[in-house]
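Open your viewer and get ready to pick out residues by number. This tour tells you what to select next and what you will find there.

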Amino acid sequence: MSRTVSSWILSSARSSIVLQGRGRLYSICIPNRNNIQWKLLFSKTLLCPTGGSSLDNTFSLQRAFRHTSTEEQLSFQLSPSQINDILRAGELSHKILALNGKNANSVSRFESNQLASNTPIEDRRSAATCLQTKGMMFGVFDGHAGSACAQAVSERLLHYIAVSLMSRQTLEEMELAVECMKPILPILQWHKHPNDVEYRERTPQSFENLRVYWQHLLDLDAEPGFSLEEAMTSAFKRLDSDISLEVQAPQENELMRNIALQVAFSGATACVAHVDGVHLHVANTGDCRAVLGVHEKDGTWSALPLTRDHNAFDEFEIRRLKREHPRSEEKTLFVNDRLLGILMPSRAFGDVQLKWSKELQHSVLENSCDVEALNIYQYVPPNYHTPPYLTAEPEVTYHKLRGKDKFLVIASDGLWEMLSNEKVVKLVGEHLTELNVQKPELAFQKPVNLGYMHSLLLQRKTRGIASLDQNIATHLIRHAIGSNEYGEVDQEKLAAMLTLPEDLVRMYRDDITITVVYFNPETIENYYRNN
């Protein structure tokens with residue numbers, strides 16, 4: 001498959017004002033008499049922990065086929081197998097083990113994948129089983145101005161939520177173990193991709209701040225403690241506060257201080273789901289999204305959104321910000337559909353430039369080392385009078401699972417910009433149905449010999465299972481970037497979207513991160529049968 005990239009891609013790119021660089025800070029829309037031009041404010045790539053992004057570690061073919069200049073003649077040559085290698089590099093699947101032959105967990109399995117647009121990818125994902133409390137947690141985190149904040153939040157937020165849900169007795173046992181210098185009980189069992197990156201250098205400081213948080217919970221002397229909604233809200237707000245305080249605290253270790261600066265001055269939106277039996281809670285800050293796939297009685301699929309996008313297009317967010325700031329600022333809160341003309345989401349972790357006073361920003365950056373080398377962009381937007389303008393406080397939604405609720409899709413806005421809620425649910429539902437229909441019945445005849453097994457394998461191949469993406473997140477990414485006007489995957493378009501140059505790709509697609517959680521119908525039905 002070989003073809004020159006469409007001329008409309010090059011012409012549209014060259015007609016835009018683009019400042020060369022890699023890690024975008026923010027984009028500002030500047031009105032003009034004749035048209036609207038987009039001016040992108042760039043910073044160089046933010047420092048990353050050793051190892052880079054998971055996709056960089058797993059697979060290097062994508063970069064080999066990607067050019068870096070719009071002035072070159074752009075061409076691509078990707079075979080179907082090479083396309084599959086790129087799309088499947090970040091796949092993660094996990095099946096929940098059954099107990100005594102039965103799966104008592106309401107989650108049967110989950111499947112996840114990522115596709116980078118930024119270099120390195122700024123999205124992150126997390127999945128974990130709670131060991132000291134009940135339930136499982138799944139999170140998607142969309143970073144901006146680099147990956148530092150999304151990385152920190154993906155590593156730490158689920159711990160904060162888990163601690164918020166612990167009983168007083170468990171917290172006291174953990175505190176006593178630390179005081180006696182004994183190992184504490186494990187809090188989470190992580191389900192990670194082998195190449196997921198981790199800030200190992202920050203682990204001691206992150207743990208110490210987590211300990212300070214559970215000491216605070218002990219000081220509250222409240223029993224029975226938080227509800228799940230209160231726990232998720234408290235965890236979100238406390239972690240964001242810690243991110244802000246850590247960069248203000250004196251640091252003897254220069255590496256730790258640099259990472260703290262990058263985390264605080266970049267940002268991330270977050271969507272986290274907690275599943276415990278039939279109880280589903282989703283906490284959302286920003287414009288990631290969680291959508292429930294519902295299988296109706298007539299066999300059709302419907303989408304039930306469990307989050308709202310926190311941005312300038314949401315009336316509730318507009319009214320909230322107007323309540324929190326003087327009337328004199330009503331016309332400047334959102335400029336060109338962006339918060340203060342800068343940021344698309346109106347809620348996020350980090351982004352202290354939109355939370356701190358000008359004086360505090362100046363003080364912290366003045367006492368830092370070479371801020372430019374850390375790629376921290378120093379910019380105070382006009383009409384910056386009454387901070388904070390941004391919050392990490394989540395909106396928490398509760399849903400009681402029903403037998404017809406089959407799966408939950410959590411994804412960064414890179415997916416939702418390409419596909420609607422209804423289209424995503426339909427793709428997952430049809431894929432699920434097709435896999436079930438095409439599974440050959442394993443009714444083995446006796447005696448079983450090699451010839452008989454060979455015929456079964458041929459039968460399986462004939463039924464087309466090999467042609468399907470086994471990971472549903474990969475299937476969604478394939479459709480998101482490769483679908484034509486008829487909703488079918490166009491191989492040439494797919495190859496073109498995977499080989500766009502680094503200075504063009506962000507104009508046509510964002511980082512995409514998807515986690516699909518499948519529910520166990522037997523567990524849900526048993527709950528209603530027993531209650």
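Predicted model: local features only at pLDDT ≥ 70, side-chain atom pairs only at ≥ 80, totals over all residues.

**Stop 1: a helix with a kink**

Select residues 148-165, which make up helix α5. This helix has 18 residues and reaches 27 Å from its first C-alpha to its last, close to the 26 Å expected at 1.5 Å a residue. Now look at R156: α5 has a kink of about 35° centred there. Is α5 mostly buried or exposed? Of its 18 residues, 16 are buried, so the helix is largely enclosed by the rest of the structure.

**Stop 2: salt bridges**

How many salt bridges does a search of the whole structure find? It finds 17. Let's visit some of them.

Begin with E175 and R211, whose side chains meet in a salt bridge at 2.7 Å, N to O. E175 belongs to helix α6 (residues 168-179) and R211 to helix α7 (residues 203-220), so this pair ties together parts that are 36 residues apart in sequence. Show the surface and you can check that both E175 and R211 are buried.

Next, select R289 and D309. They form a salt bridge too, with the closest N and O atoms 2.6 Å apart. This pair links distant parts of the chain: R289 is in strand β12 (residues 289-295), while D309 is in the loop between β13 (301-305) and α10 (315-324), and they are 20 residues apart. R289 and D309 are both buried.

Then move to R320 and E317, a salt bridge whose closest N and O atoms are 2.8 Å apart. Where do these two partners lie? Both R320 and E317 are in helix α10, 3 residues apart, about one turn of the helix. In general, an α-helix has 3.6 residues a turn, so residues three or four places apart point the same way. R320 counts as buried at 10% relative accessibility, and E317 is buried as well, with a relative accessible area of 1%.

**Stop 3: rings and charges**

Now display the aromatic side chains. The structure holds 9 aromatic pairs. In one of them, the rings of Y384 and Y389 have their centres 5.3 Å apart and their planes at 45°, so the pair is tilted. Both Y384 and Y389 are buried. For a group of rings, select W301, F407 and Y518, which ring pairs link into a cluster.

Which ring does the charged end of K192 sit over? It is the ring of W190, and the charged end of K192 is 5.1 Å from its centre. Select F316 for another example: the charged end of R319 sits over the ring of F316, 5.0 Å from its centre.

**Stop 4: cysteines**

A disulfide is a covalent bond between the sulfur atoms of two cysteines. How many disulfides does this structure hold? The count is 0. Zoom in on C271, which is in no disulfide; its nearest cysteine sulfur, that of C288, is 6.3 Å away. A disulfide would need the two sulfur atoms within 2.5 Å. C271 is buried, with a relative accessible area of 0%. Select C130 as well: this cysteine is buried, at a relative accessible area of 6%.

**Stop 5**

Most residues other than glycine have a negative phi, and most peptide bonds are trans.

- Select T119 and P120: the peptide bond from T119 to P120 is cis, with omega near 0°. P120 is in the loop between β6 (107-115) and β7 (123-130).
- Select P387 and P388: the peptide bond between them is cis, with omega near 5°. P388 is in the loop between α11 (358-366) and β17 (395-400).
- Select D337, where phi has a positive value, near 65°. D337 is in the loop between β14 (334-335) and β15 (338-339), and is partly exposed, with a relative accessible area of 39%.
- Select L340, where phi is also positive, near 55°. L340 lies in the loop between β15 and β16 (349-350) and counts as buried at 5% relative accessibility.

Note on methods: Residues numbered from 1 in each chain as written. Heavy atoms only, no water. Phe/Tyr/Trp six-rings, centres within 6.5 Å; stacked < 30°, edge-to-face > 60°. Buried < 20%, exposed > 50% of the residue type's maximum accessible area, 1.4 Å probe, protein only. Lys NZ or Arg CZ within 6 Å of the ring centre and 35° of its normal. Helix = DSSP H or I, 4+ residues; strand = E, 2+ residues; numbered from the N terminus. Expected span 1.5 Å × (residues − 1). Bend = angle between axes of the 7 residues up to and from the residue. Salt bridge = Lys/Arg side-chain N within 4 Å of Asp/Glu carboxyl O.
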